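Please look at the sequence and the structure before reading on.

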Amino acid sequence: GQLNIAAHIVGKKYFGTATNEFQFTDTRYRAELNNTLDFGILTPANSMKWDSTEAVQGQFTFDAAEEVVHQAQRHGQMMRGHNCVWHSQLPDWVSDGGFDKATLLQIVDTHCSTVVGHFRNQIWDVVNEPFNEDGTFRESVFYNTTGTDYIESALRAARRADPKAKLYINDYNIEGTGAKSDGMYNLVKSLKKKGVPIDGIGVQGHLIVGSVPTTIEANLRKFATLGVEIALTELDIRMDLPVTQDKLEQQKKDYQNVIAACRNVPACIGVTIWDWTDKYSWVPGVFAGQGSPLPWDENYQKKPAYAGIMEGF
Ligand code: XIL
């Protein structure tokens with residue numbers, strides 16, 4: 001079996017992976033990345049972010065991201081854009097610019113309409129990680145200066161730039177039910193009521209082996225009542241190192257359970273893993289003592305997690 005095929009068989013639009021263009025020189029990596037039986041969509045893990053696309057105000061650079069786009073196009077893969085507005089990987093000229101509200105909203109509008117209009121991806125994470133863990137809004141430069149108006153400006157700009165693109169708000173720790181998921185639910189509800197364009201909720205899915213929430217399916221069903229689509233956008237399930245056979249077996253079950261939650265909720269349209277081989281995972285660099293979160297190990301061998309995904313579909 002193969003992951004993207006398995007997703008399609010149960011009515012999903014894709015199974016896919018994040019990637020970085022600087023990994024394309026690794027021919028063994030590229031061969032599997034291009035395997036559309038496993039991956040029907042690519043997300044650039046870094047190269048569409050603000051610091052890559054508008055490091056200097058008004059000077060847009062798309063070369064790195066276009067390498068990912070061309071890679072996808074050559075193989076008939078879809079693209080997920082990631083992302084327009086985020087507090088991280090944000091150039092200083094935005095975060096430290098001291099702009100007033102009207103100016104910052106205009107900056108958000110220009111950035112989102114330019115980037116979304118340039119790439120014309122099928123799907124966009126327009127706003128990334130707007131919430132705190134307790135469901136209140138994160139105190140980014142955007143929120144501190146504009147309240148939640150930046151969210152509206154970003155979404156409206158994205159819709160204007162590419163009316164066909166599906167527009168998402170994306171966050172982590174909103175897999176299961178809880179305060180942060182309630183925050184997302186309430187935000188999307190209020191945006192819809194106001195007529196702000198919003199098509200989907202992106203559930204990142206950066207999870208931990210043995211600690212995967214049991215309420216994922218219930219939470220996705222609740223999101224679905226808003227009339228939006230849902231995607232698992234950045235799935236990886238990390239473990240404390242060293243790797244053991246027991247942890248790999250638990251990881252398999254964890255992947256299976258997460259995938260089954262998406263499978264069982266029709267509004268969940270697809271799943272993206274945050275790269276596919278442990279060789280290029282972001283986890284070891286960010287979470288001390290943890291790693292091995294992906295379905296292939298660093299030597300490109302399939303782990304039990306791969307079969308777990310297949311069984312989940
Ligand atoms: C990560 C990338 O994978 C890393 O290479 C980079 O150093 C930091 O960002 N949530 C997101 C992603 O929305 O953009 C992050 O990607 C992982 C967490």
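## Helix α3 and T53

Helices here are DSSP runs of H or I with at least four residues, numbered from the N terminus. By that count, T53 belongs to helix α3, which covers residues 50-53. The model is a predicted one.

Is T53 buried or exposed? A residue counts as buried if 20 or more other C-beta atoms lie within 10 Å of its own. T53 has 21 such atoms within 10 Å and is therefore buried. Apart from neighbours within four places in sequence, the contacts of T53 are M48, F60, T61, F62, A65 and V115. A267 lies 214 residues from T53 in sequence, and the C-alpha atoms of the two are 31 Å apart.

## Overall form

The protein contains 13 helices and 10 strands. Its C-alpha trace spans about 55 × 40 × 35 Å along the principal axes. For 313 residues, a compact globule would have a radius of gyration near 20 Å, and the 19 Å of this protein agrees with that.

Of the 313 residues, 49% are buried. Among contacts with a separation of 6 or more, 78% join residues 24 or more positions apart.

## The nonpolar core

How many residues does the largest nonpolar core have? The core has 84 residues, and those with the most contacts inside it are C84, V85, V108, C112, V126, A154 and A158. Helix α6 (residues 101-119) gives the largest share of this core, eight residues.

V126 shows how such a residue is surrounded. Not counting residues up to four places away in sequence, V126 touches N83, C84, V85, C112, A154, L155, A158, L167, Y168 and I169.

## Helix α13

Helix α13 runs over residues 304-312, and its buried residues are A305, Y306, G308, I309 and G312. These residues cover an arc of only 160° around the axis, so they are on the same side of α13. An α-helix has 3.6 residues a turn, so residues three or four places apart point the same way.

What do the buried residues of α13 pack against? Their partners are α1 (3-9) and α11 (245-264).

Definitions and conventions
Residues are numbered from 1 along each chain as its sequence is written. This is a predicted model: local features need pLDDT of at least 70, side-chain atom pairs count only at pLDDT 80 or more; totals for chains, interfaces and linings use all residues. A residue is buried if 20 or more other C-beta atoms lie within 10 Å of its own, exposed if 12 or fewer, and partly exposed in between; C-beta atoms are placed from the backbone. Helices (H or I, at least four residues) and strands (E, at least two) are DSSP runs, numbered from the N terminus. The arc is that of the directions from the helix axis to the C-beta atoms. Two residues are in contact if their C-beta atoms, placed from the backbone, lie within 7 Å. The radius of gyration is taken over C-alpha atoms; the globule rule is 2.2 Å times the number of residues to the power 0.38. A nonpolar core is a set of buried Ala, Val, Leu, Ile, Met, Phe, Trp, Tyr and Cys residues joined through C-beta atoms within 7 Å.
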